[in-house]
Amino acid sequence: MARKLCLVMFALLLVASMAFAGGAAETGGKETLSIWCGYPEMEAFYKYAAAEYQKTHPNVEFNIVTHPLREFEQKLSATIPSNTVADIIDVSVYANQKFIEAGFMPKMPANVDQFVKAPGRYSDFALKNNMYKGDVYGVPFFQGRTSLFYNTEMFAEAGLSGPPKTMSEMYEYAKKLAKYDAAGNLTRAGHSLRISGQGSGVAEKWWFVLYPMGGTIISEGKAPGTYHAGYNNDAGRNALKFYVDAVHKDNWDDHKIKHDAEAFQLGQAAMFFRESWVIGDTAAKAPNLKYDTALVPSDARWGRITNIQNLYVTKAAKNPDLAWDFVLFMVNDANQQWMLDNVGWLPARADVKLDEIIARKPQFKAFIASEPGYEEFGYIPIGPFDELMTRLAERLVTAFLDSSLVDNPAGIAKVISDAAAETNQILQRYNMFGE
Amino acid sequence: MKRISTESSPGRKKLSETEFKKRVFAYTAILPVILIFGFVRIVPIFQNFLYSFFQSTIGNPLQQFIGFTNFKDLFADDLFVLSLRNTTYFAVFVTLFSVAFAVLLAALLSTRSKASALYETIYFLPVITPMVPVAVVWKWIYDPTYGLLNYVLSWVGIEPIGWLVFPNTAMVAIIIMSVWKIVGYNMIIFLVGMRDIPESYIEAARIDGASTMQVFWRIIMPLLRPIMLFVLVISTINSYNVFTQVFIMTSGPQGAPGNAVRTIVFDIYENAFRYFRTGYAAAEAVVLFLIILALTLLQFGISGNKERREKRRLLRKGGLV
């Protein structure tokens, strides 16, 4: 009997020891740093940076995992609160803000804070959009600035000498560039819009058109820290009309064809808006594609979205000092240049020399350009921003499918007004609503 | 042999020492499993009920007691009502079609032949394939430009269809995939039931002149009733818990429009893990639990009534002693 009980206890101990074995970060003098990222193309950078770091830190090993963005965000939601997340995460402010506000993210140590706030190192925009109650929690790493990609061969074929300068010009160009088969089905989009899919991406891409037209997702209220929907106006209605007409009236984009970078690289879209990573991606997947980039066309105003992607050390890090050291290593001059040259993401640091790379790869120019009047806008660092963007995106996806909205100003106004009411309702729930 | 008394009433048997030790060992051995099961399954269920009465987040699950406010808000939330409608639509069709096809396939394969094992394996393969790769593959099959389904349909002159793109086809597409995925499981259960029916019953019916259809409807189906109940209950529960295929098929720029196929578990997931509204999500989970419980009781009730009616009928005819 006693022997049997001993056996049971031994089995339990064995199971327990196996279950907790994975938690150790330091084994036999070796340190392991785990890194998670929502951009699979960044894996090459992490591997490169890890190999460079190991030259001076041979005792450090790396465990690098990348996921598609939406899956990554969902993984963070499950692992940050349970403290099972990686040591270092590469994530944007909008996805991480709710964790910062809930107290799940540690503040950065003094030396890192000093590095980030050094004059001229980062733009004011990068710091302002990265701050919560006066503190910066993550080191700005790269930035997602949007520009217009256009296929130069298709433009020449259509007799267009250069990229469109205004939104209405872009609409007309898209009509000229669209191609159809004998049955009248669209085979090449004049401009590939984001018209379907999960998550907040649809609303973000709609914002690219909304902002130049004079609207935005949320505007600041009179009282500090309050907001309200910024698109229940002519700009919002015109931006929705732009999409509805593109799909259902002039049909230069369609739900049934490929979209995004894939469509552009396959020659199934003549134009589209995206960040600089597409340049690195296209070099690998469609090296013979003839294309260039341009500033986002203007309308009532002129501007592009800039999303700052940060490196955070989490509370789950077993050796935070080492993790922060590697973070600082990743944002040194040489590594920031390597990232642009080899992956295509634009470095977040404002003081790194990029001239030589841009001379070799002129498509990056539009992403660096800073013309007078060309504004930068971005995600507002408040907890519910992701929720209100996702809810808006769900409504937009439905509206983009609705052909009855063509030449139907009342219908369009209702969609916008209902969506804005929901945005305001979400803000109210978080006590952040204010006219 | 020394006897150990474990009785509490005179009617109980005494256990031998060996038997007692055996039982102690068995209970000790099973205890860790029961504890783990209780910790990971039972405790969270009670916690979920508790959180549903609180305004809570992942970081602070018991932020503020708000009574039934979450439940009241649920039924004023268009997305929840839409999710409930979509889930019910999905569950009804998946359950009906998967059961109907499974019975048909089981009937065809019930007579043992050389090929039947091969067919059973083929039909069962989707069941053991994990849902994520299955959903990804079906997403490719449904692709409007390069999808296999549109390619096959083009042979008969059908124009490309955006299966996952349009709300009216997206749910149908996911139902087809889900039926394909579970029909093999239901088929195996029915097959076991059919092969368990004594051959003498069927032979007797045939001698009495019953046709194949009569044998099927009058002999096989009534005898399959307990199995039918099991399959219906399991299929309904699984269908109401649909998540993975919806999640995979709505992701990416070519994904299905989220709201067209939004289901309750998807909505729970978004509220809990995307927006951190855990109290609200817990209330949704309670509603889902109550719906499934009610449907299960209803199915048991209907089946029990049928059985009671059948017994009364046979008693009236003097067929049951």
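This is a predicted model: local features need pLDDT of at least 70, side-chain atom pairs count only at pLDDT 80 or more; totals for chains, interfaces and linings use all residues.
1. Leaving aside residues up to four places away in sequence, B:D143 touches A:K258 and B:N150.

2. On the chain A side, have a look at A:H259. This residue sits in the loop between α10 (234–249) and α11 (260–265). Is A:H259 buried or exposed? With a relative accessibility of 4%, A:H259 is buried. A polar atom of the A:H259 side chain lies 2.9 Å from the backbone oxygen of A:I257. As for A:D292, which is 33 residues away from A:H259 along the chain, the two C-alpha atoms are separated by 18 Å.

3. Now for chain A as a whole. You will find 18 helices and 17 strands there. Its radius of gyration is 24 Å, close to the 22 Å that the globule rule gives for 435 residues, so chain A is as compact as a globular protein of that length. Along the principal axes, the C-alpha atoms fill a box of roughly 80 × 50 × 50 Å.

4. What share of the 435 residues of chain A counts as buried? The figure is 58%. If you take the contacts in chain A between residues at least 6 apart in sequence, 75% of them join residues at least 24 apart. Chain A carries 43 positive and 50 negative charges, and their mean positions are 3 Å apart.

5. Chain B is built from 13 helices and four strands. Its radius of gyration is 25 Å, whereas a compact globule of 321 residues would have one near 20 Å. The box filled by the C-alpha atoms of chain B is roughly 70 × 65 × 40 Å along the principal axes.

6. Of the 321 residues in chain B, 40% are buried. Among its contacts with a separation of 6 or more, 64% come from residues 24 or more positions apart. Chain B exposes about 18,300 Å², and carbon and sulfur atoms supply 68% of that area. There are 30 positive and 18 negative side chains in chain B, and the centres of the two sets lie 9 Å apart.

7. Finally, two backbone angles deserve a glance. Most residues other than glycine have a negative phi. A:D407, though not a glycine, has a positive phi near 50°. This residue belongs to the loop between α17 (385–400) and α18 (409–429) of chain A, and A:D407 is exposed, with a relative accessible area of 54%.

8. Which value does phi take in B:F276? It is positive, about 65°, although B:F276 is not a glycine. You can find B:F276 in the loop between α12 (264–274) and α13 (278–317) of chain B. At 7% relative accessibility, B:F276 counts as buried.

Technical notes: Residues are numbered from 1 along each chain as its sequence is written. Chains are lettered from A and ligands numbered from 1 in the order in which they are written. Side-chain values use heavy atoms; hydrogens and water are left out. Helices (H or I, at least four residues) and strands (E, at least two) are DSSP runs, numbered from the N terminus. The radius of gyration is taken over C-alpha atoms; the globule rule is 2.2 Å times the number of residues to the power 0.38. Buried means under 20% relative accessible area, exposed over 50%, partly exposed in between (1.4 Å probe, protein chains only). Contact means heavy atoms within 4.5 Å. Lys and Arg count as positive and Asp and Glu as negative; His and the chain ends are not counted. The place of a charge is taken as NZ of Lys, CZ of Arg, CG of Asp or CD of Glu. A polar contact is a pair of N or O atoms within 3.5 Å; within protein, one must be able to donate a hydrogen and the other to accept it, and residues adjacent in sequence count only if both atoms are side-chain atoms. Accessible areas come from the Shrake-Rupley method with a 1.4 Å probe; for residues, only the protein chains shown count as cover.
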